[in-house]
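Hello,

Here is the structure I said I would pass on. Please look it over, then read my notes below.

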Amino acid sequence: MSLSRRNFVIATSVAAGGSMVLSACSSGGGGGGTGGSGSAGTAKYSAVTIGTADDSTGPAPEITGSRKGGTIHAIGPDDFSHLDPQRIYYSWNSTVGNLYIRCLTGYKIAPGGGMKLVGDLATDTGTMSDGGRTWTFTLKDGLKWEDGSELTVDDVRHGIERGFASFTTEGATYLQSALTGTNDFRSVYKGPYGGKHLSSVVTDAAKKTITFHLKTARPDLNWTLAMHSYGAVPVKHDTKEKYDKDPFSCGPYRVKQHSVDKSLTLVRNTHWDPATDAIRNACPDSFVFEFGPEGLQATDRLIADSGDDQYAVMAYSGVPAERIQKVLGTADLKARTVDGLLTGLYYYAINCKRIKDVKVRQALNHAWPLEQIRRIYGGPSAGEYATTILSPDIAGRVKFDVYGKLAKPQGDTAKAKALLKEAGKLGQKIVYTYPQGANDAYDKTKVVIANALKEAGFDPVVKPVESTSYYDQVQQIDNQFDVMWFGWSPDWPTGYTLIQPLFDGTTIANGANNVSQLNVSWVNTAIKKNAVITDATRANASWAALDRRIMAEEAPIIPETYQRRYYLYGSKVGGGEFDPLFSAFILYKLYAKA
């Protein structure tokens, strides 16, 4: 995929514009509390940290004002493409996966968006040894499946091994490659269905431990294992390909009914014990998803706020440009929104194979008209100006502004022209492309981009590519584009997941994500070195330093925006919070008011 499948989506709103089971919720009557406030997802993120064993101990913190019972309705344009954990990568699938899938680790999200990695099925975030080549996790007591059977380390191992099967090609592959030492991991192991287990994954039923012996050191494996692609699956209830339609739950809810492309209903899993879960609350009795309505239709229904829509939320499709000013300009509607910055970065990749002179790439950064572009997107409500590779929710990220874009977001064409003259490149031809048809805004931004480039002394040529083939074309190493609209979102919030895929010169190939085709020895060496630093604090600082150095010395991209999305919810929904990881509502924190 051209874009990280876990989180990244092209924002449709960007254009001009029992008692044990219930104990995690407040028992207070009346369903007080305000839910979201219009600022639940903020521009500032708390530091992303790694939690302790105490942080990993359930139950999850009580939600102020919440009540038990009722049904939350979710309105979205599309059904979930997959429910099988090992086939989940897209954020939309992961959003619902949080309700029934559990992994060894997961994210505890504080109000306002701060994230802490904690043990989910595991008692903590694991023990690393041998320089990141060995990891051991211990399961919590009291873990059960929806039929009341015990969840064991064999079930965790089974979920890992299923990722090697021929029918689970949609999921993440980080762990498979690390366990086998090759990206061609299916040539080494073909999954658990032949009766064989991976020798590199060792379980001890008595001690309730699972140990990974990696061929490739991964000091950040505890982050990787929070991905739903590595969720547990019961050995006794694995129906292989059919599991995608009827997955077994170890979370607070289970699938009751699924009418493909129409609706999905989840109800309580009565065998889920909140004492084992530091992450999830479970206030509603059920969740009902309705598929089909696009963003505009869903927004108008929630504005009307009648019937079951009073208990509804927008599921992944945000408030569109046509309604954003009405929603934000009407006090009672704004009070029924959550908003947040999408994880990851929207940017323009500069083809370093074609634009070899760093001064020309730096001139492009100075000239780029971020203010005019954002105005077309809808102004400040559309997001924040980006100046770094690492997005605000990345652990250790340090804010900087090498090209003065915050002071002059409209662009400094005079400075750009001076750099071009210094390089002897006045009149440099620049072929710019973007995905035509993906969003009307991109057709409008091409004009302000071309005008700024002309003023800076460039000769701009705009060559849009039809959106359905766009990524196939820009990911060709012999493409004829100089600057390409692009975006990336990390698979977990550390620097590795943004910098390595985009700037590791050893990964350059047709279909690869280093669209800038940056291949610089010091960058490649630094990525390789940083990837095996075992101390998390030192690793985070190293990635942040590399971020700044790449932008200052190589300028392989033009950062654009950390885009913002707004979601509307009904008047009888409480607990609305923006998920900084999946850019949606945190479903397990919602409750239905009385």
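**What I found**

Five strands make an open sheet of mixed pairing, ordered S9-S10-S11-S2-S12. The twist averages 20° from one strand to the next.

This is a predicted model: local features need pLDDT of at least 70, side-chain atom pairs count only at pLDDT 80 or more, and totals for chains, interfaces and linings use all residues. Residues are numbered from 1 along each chain as its sequence is written, and side-chain values use heavy atoms, with hydrogens and water left out.

S10 (residues 263-268) and S11 (residues 286-291) pair in the antiparallel sense over five bridges. Leu-266 stands opposite Phe-287 in S11. Helix H6 (residues 295-304) packs on the sheet and touches S2 (71-76), S11 and S12. Contact means heavy atoms within 4.5 Å. The direction of H6 makes about 145° with that of S12. Axes are lines fitted to C-alpha atoms, for helices over the stretch in contact, and angles run from 0 to 180 degrees between N-to-C directions.

Now the helix pair. The axes of H14 (residues 496-503) and H15 (residues 521-530) come within 11 Å and cross at roughly 145°. Ile-499, Gln-500 and Phe-503 in H14 meet Val-523, Asn-524 and Ile-527 in H15.

Best wishes

Technical notes: Helices (H or I, at least four residues) and strands (E, at least two) are DSSP runs, numbered from the N terminus. Two strands pair if DSSP finds at least two bridges between them.
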